[in-house]
Every structure is written in structure tokens, then in C-alpha cells.
Amino acid sequence: MDRGFLFADGIYEVTAVLDGRLVDSASHLARFQRSAEALAIAFPWPVDAIEAMERELIARNGMEEGTVYLQITRGVAERDFLSEPDSPTFVAFTQPKRLIDNPAADTGIKVVSLPDIRWARRDIKSVMLLAQVLAKREAAARGAQEAWMIEDGFVTEGASSTAWIVTTDGTLVTRPNSRAILPGCTRAAVEALGLAEGLRIEERAFTLTEAQSAREAMVTSASTFVLPVVMIDDRPVGDGRPGPIAAKLRGLYIAAAR
Ligand code: PDD
């Protein structure tokens, strides 16, 4: 009778772990708290206590590299749309994964475009992920590793990542934060690293056509860091090989995280 199971009435976070330490932890926990507030779901503990619990979980599981998953649901009550459980449900687990030695960093990934059929509050990291599951299944069926979702002709984001392009004049472009996308924690960190490196960064929406004729394209997320996109709907991006800016930002992000 958990409302997460019955109504997808819950929120989650995925945080990377490198060398046994959390990556971008403060921004993931801040977003976790914001998502809970947006849905009026009780936050079970202060963020410091959650972070201490995550560290203990990582230590007890002896995980050096991988991800920590956190989820809070409104809690358990008889099925009724308006039920108000006494307390939220909190779940956390680790998943060991090789994040640095990801072959996709060298080969690049392929993405397919699909209509964005999600709800209008994508800034909340809700466990209501059916649209993304369907998009990922369609992408996989077409031999791609990610789906870029399209709304009103513009790319919103990847099914589980932030979408970026590098224009022919070398400007890094990603969509501004709004209710249309999840404000990516990796996006924020990569943006800061890019600026410090002297790159030009523009926050604006871009179309699929612009992406297909871009010099480079890439995605960012906690579980993939930065990955180059080399193909969009069977059209090669640039020369069809991973580009130098994506590689540079991936290197900077990993170096800053360790
Ligand atoms: N997904 N956009 C969407 C829709 C996402 O689901 C994610 C992350 C991102 C990137 O956010 P961040 O950089 O904070 O991870 C953007 C996680 C990894 C997941 O669902 O597994």
C-alpha cells in the first residue's frame, strides 16, 4: 500500500560515487529537498543526516565506484487518492558500476528523437518515469543508447540526461532551467568548469536540426558524467566521432570529482 507503488507518489536522486566518495552531493541533496517540498512530501531527516547515512551505506557495502539511489514516497496508507500517511517511506541502496572506464566515452553514443510526452513539472525528480522507460525502450530497439525528447520543435532533454550541443563557432549550448526540464546537477558543475576553462556558454533551447548540424553534441548525468553523442536519428554529428570539447569536459569533471 505504499503510495510510491500505487500512485508513483514519490521522488528520487541518483548520486555518483568515486573513490568511495559522493560526487556533487550538496547539489543532489538540495534538489532532493526541493522535489519533496514541491510535492509536499515530508522530508524524513535533515540533509546532513541523509548524507551521513549515504556515507555509512557506501562504507558498509565497500563500494568504491558506482551510484547511490535515494527515494522518498509519501508513505503507506489504504489506497485512496487523498490518503495522508503518518510518515514517508525512505529507501536507499548502492549500485557498483564502472563510471570512469565507460567504453561509450571513447565510442560516443547514438540518440534518437522522440516526442516529449511527460507532464508539465519535469523540474521535480519524480519516480513517475514511464515516459522515460518507453523512450529508452524505443531508443534501445533502434540501436541507440539515449532518447532526446522534443517539444514544440525544441529538444527538452535526454530521457535520463541533460542535452548539449557545441555550435560551429565553438559555443556550448544547453537549455535554460525551467519546469520543462530537470535542473541537472552534473549540468551545473560542467557549466562552471566550462566557464572556468574560458568556453563560451549559452543557455537557450535548440532544435533537432541545429543539433544534427552542430560541431559536437553531448549528454551529462550523474551516472554517465559527460558522454559524446556521435549520431542523432542516423545523422552523424560533426565528423561522426567524439569531439574534443566533450572529452575535455569529461576529463575536467572527473578530475574535479576526485
Ligand atoms: N537521471 N534529465 C533527466 C530527465 C534525468 O533523469 C537526469 C538524471 C538528468 C541529469 O541530472 P543529473 O546531472 O543531476 O544526474 C537530466 C538519473 C541519472 C537517473 O534517472 O538515473
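**Figure 1. Helices and strands of the protein chain.** Eight helices and 13 strands make up the secondary structure of the protein chain; helices (H or I, at least four residues) and strands (E, at least two) are DSSP runs, numbered from the N terminus. Please keep in mind that this is a predicted model: local features need pLDDT of at least 70, side-chain atom pairs count only at pLDDT 80 or more, and totals for chains, interfaces and linings use all residues. Residue numbers start from 1 along each chain as its sequence is written.

**Figure 2. Overall dimensions and packing of the protein chain.** Along the principal axes, the C-alpha atoms of the protein chain fill a box of roughly 55 × 40 × 30 Å. The radius of gyration is 18 Å, which agrees with the value near 18 Å for a compact globule with 258 residues; it is taken over C-alpha atoms, and the globule rule is 2.2 Å times the number of residues to the power 0.38. Of the 258 residues, 38% are buried. Here, buried means 20 or more other C-beta atoms within 10 Å of a residue's own, exposed means 12 or fewer, and partly exposed is in between, with C-beta atoms placed from the backbone. Among contacts with a separation of 6 or more, 70% join residues 24 or more positions apart; a contact has the two C-beta atoms, placed from the backbone, within 7 Å.

Figure 3. The domain assignment gives domain 1 (3-96) and domain 2 (103-257), with bounds that come from an automatic or database domain assignment. Their C-alpha centres lie 25 Å apart. To the contact, domain 1 brings 20 residues and domain 2 brings 13 residues. On the side of domain 1 that touches domain 2, the elements giving two or more residues are β1 (10-18), α2 (25-38) and β3 (66-73). Which element gives the most to this side of domain 1? That is β1, with eight residues. By type, this side of domain 1 holds nine nonpolar, eight polar and three charged residues; Ala, Val, Leu, Ile, Met, Phe, Trp, Tyr, Cys and Pro count as nonpolar, Asp, Glu, Lys and Arg as charged, and the others, Gly among them, as polar.

**Figure 4. The shell around the ligand.** Have a look at the 14 residues that surround the ligand, of which the closest are Leu182, Gly184, Cys185, Thr186 and Ala222; a residue is near the ligand if its C-beta atom, placed from the backbone, lies within 6 Å of it. With three residues, α6 gives the most. The shell divides into four nonpolar, eight polar and two charged residues.

**Figure 5. A closer look at α6.** The end C-alpha atoms of α6 are 17 Å apart, which agrees with the 16 Å that its 12 residues should span at 1.5 Å a residue; the expected span is 1.5 Å times one less than the number of residues. Cys185, Thr186, Arg187, Ala189, Val190, Glu191 and Gly194 are buried in α6. Just after α6, Gly198 has a positive phi of about 85°.

Figure 6. Ala8 is not a glycine, yet has a positive phi of about 55°. Ala8 sits in the loop between α1 (3-7) and β1, and is partly exposed, with 14 other C-beta atoms within 10 Å. Asp233, not a glycine either, has a positive phi of about 50°. Look for Asp233 in the loop between β12 (225-232) and β13 (235-236); with 15 C-beta neighbours inside 10 Å, Asp233 counts as partly exposed.
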